[in-house]
Amino acid sequence: MKLAEYGRMAFSEIFHNKVRTILTLIGIIIGIAAVIVIIFVVQGAEQFILGEVERITPVDMMQVWARWNPSTRRPMGIMTLADLQNIESKAGDRIRALAPMLQYSQTLQYKGNEYNCRLITTTPSFQRIYEIELARGRFLSQLDYEQRTQVIVLGYETAKELFNNQDPLNQKIKIHGATFTVVGVLAEDYQSPVFPASVNNTRGFIPISTAERFYGQNYFYLLLRVKDRSEMGYMLQRVIELLNERHGLAADGESRFQAYDMSSGLEMVSILKIVLMVLLGGVASITLLVAGIGVMNIMLVIVTERTKEIGLRKALGATRSDIMTQFIIEAIILCLLGGVLGIIGGYLGSNAALKFANNFIVFKGTVPTWAVFLSIIFTSGVGLFFGIYPALKAAKMDPIKALHYE
Amino acid sequence: MIEVKKLSKIYGKGEIAVKALDHISFQVKTGEFVAIMGPSGSGKSTLMNILGCLDRPTEGIYILDQTDVSKMSEQELAKIRNLKVGFIFQTYNLLARLTALRNVEQPMIYKGIARKKRDQLAKQALAAVGLDDRIQHKPAELSGGQRQRVAIARALVNQPQIILADEPTGNLDSKSGEEILKILAGLNQQGITIVMVTHDQKVASQAHRIVYFQDGRIVREELTANGGDCGETG
């Protein structure tokens, strides 16, 4: 009840000296507003970057590689199509799609035209892994794979370079003298996960079984998308186990293979965020420290100005703790007012930042509620901490001297 | 009611020590109206400060309402100031930002009275000094006499046993001064003990008894014409 009364007194004092109040609080207002805008921007930037990263790296995808032996300069193990079957038969219920991938740089020929293309050898499942869209024809089929047929699917630009404006479907092209029939063309500028459109435009795809006929068995890496993202951790282990079953361990007792998911990119983003937040915290602390000292200074002025009032209140029966509480509450309310104005400023600033950023990118963001609460708690803390000394000075005043202070 | 025995107040130490009060002994009975006179620096104000529990004596005993307050803690003294003593100052000491009503409420805040009840009691106190039509005025909007009446209402509102008035008419014209003295006399008739410091013999003559101070000692006491009906009952 007394507290409510002290609060009322504080408000009347604070609003009576509006100009001084604003000048005192400018540090806190700018500090809190800046912190809120920065939190807003960092959160928004994080969402934006995560969005971009997730767009190009599906979080349910993993890659399996053979470990590299630096002394022999050879991989420690070579996966075969039998490994694929083994994984599919034993863990297939958790797998959305599984495909090998091996890339060659090859020159394709059609009549007089030549085009150097990034040729991928894989299985039909690859279409599901990279969500391939076709402009014409079809992707590699299971039959192509099983019968090792000499068919090829072309990237949009590959097809254009070789055939100009002619329809490429069912045309025969030559790779190293072997003849392949074009069965499909990728959509123009098709953007797949991981690879940008410019790369996809210049691709070609042939069945991996067919490739083995020409290039022999070679080491490939494995692409796998899980059905349930939460099982990623388990699947990373399980796939290695299944490979170990068939290949045994390497000389060092570890597996010959390694599996990665795409979370490492996301980790970088969150590390960046933590670094930014720590820096921000440092800047905020220094700002609030400086602002707090300003508040302490003005509270000392207020206490001196109101010496006579303090003497009177003591004469009327105020105890030391009554006086102390009154001035601490005044300091807290003063700082809280700064905090609230700072939060409002922060919202306005964030809005401006949002509008500005949206000129360039699709930037979404909100001021997080915790930032608002933290600002309130911090500013009251500043008021409490920097209010104690002036309040103590007021409480300790000799009532007689205070009463006769002019 | 009030009894001081061999009360001394010494400021400073050793060579530069100043004896503001030098072994004062005197009594004020319940319901009595005492005026204190004397030149500046004679110890009147020091005595008033001690009587009002704003200060503690260096030596001696001060018994207020059968309690020895000379050894009380700061907090206990604050409570006595709040509940048993009402101060009236020469310069009124009103809070300029607050209305008459809010000024009168202040002592009740420290007593812990709820806001509604405070409003009610403050209005009563202001009515008792004839200011029912000025409760929302701020000190700057009131005359000197009216300000002092607000101060009296504030001194009264916690129903103290004793009112300490330090030159209550010192800043007022004679007409306003008389009104204030009339109010004080009225309060005294209701049983409130009053101790008043004044320079003005005419003002002092309103009391039952006048105590003369000089150099920290009581040099003379005399009963006034009003002395006959002095409250001997307490």
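1. In this predicted model, strand β4 (residues 59-64) of chain B and β5(B) pair in the antiparallel sense over two bridges, where strands are DSSP runs of E with at least two residues, helices are DSSP runs of H or I with at least four residues, and both are numbered from the N terminus. Two strands are taken to pair if DSSP finds at least two bridges between them. Within this pairing, Ile63(B) stands opposite Asp68(B) in β5(B), while the bridge partner of Leu64(B) in β5(B) is Thr67(B). The hairpin of β4(B) and β5(B) has two residues between the strands, and Asp65(B) there takes a positive phi near 55°.

2. Some conventions should be kept in mind: residues are numbered from 1 along each chain as its sequence is written, and chains are lettered from A and ligands numbered from 1 in the order in which they are written. As the model is predicted, local features need pLDDT of at least 70 and side-chain atom pairs count only at pLDDT 80 or more, whereas totals for chains, interfaces and linings use all residues; side-chain values use heavy atoms, with hydrogens and water left out.

3. How many of the eight residues of helix α1 (residues 44-51) of chain B are buried? Seven of them are, and the helix is thus mostly covered, with buried meaning under 20% relative accessible area, exposed over 50%, and partly exposed in between (1.4 Å probe, protein chains only). Among the buried residues of α1(B) are Leu47(B), Met48(B), Ile50(B) and Leu51(B), and also Lys44(B) and Asn49(B). The helix is followed by Cys53(B), whose phi is positive, near 60°.

4. A search of the whole structure finds 36 salt bridges over all chains, a salt bridge being a side-chain nitrogen of Lys or Arg within 4 Å of a carboxyl oxygen of Asp or Glu. One of these in chain A is formed by the side chains of Arg306(A) and Glu13(A), at 3.6 Å from N to O. The pair links distant parts of the chain, with Arg306(A) in the loop between α10 (263-305) and α11 (307-315) of chain A and Glu13(A) in helix α1 (residues 2-16) of chain A, 293 residues apart. Both Arg306(A) and Glu13(A) are buried.

5. In chain B, Asp22(B) forms a salt bridge with Arg217(B), the closest N and O atoms being 2.8 Å apart. This pair also links distant parts of its chain, from strand β2 of chain B, which holds Asp22(B), to strand β10 (residues 217-223) of chain B, which holds Arg217(B), 195 residues apart. The two residues can be described separately: Asp22(B) counts as buried because its relative accessibility is 12%, and Arg217(B) counts as partly exposed because its relative accessibility is 45%.

6. The side chains of Arg118(B) and Glu105(B) meet in a salt bridge of 3.3 Å, N to O. Arg118(B) lies in helix α4 (residues 115-128) of chain B and Glu105(B) in helix α3 (residues 100-111) of chain B, so the pair ties together parts that are 13 residues apart in sequence.

7. Ile271(A) is placed in helix α10 of chain A and counts as partly exposed because its relative accessibility is 46%. Trp65(A) lies in strand β1 (residues 61-66) of chain A and is likewise partly exposed, with a relative accessible area of 35%. The C-alpha atoms of Trp65(A) and Arg256(A) are separated by 8.8 Å, although the residues are 191 residues apart along the chain.
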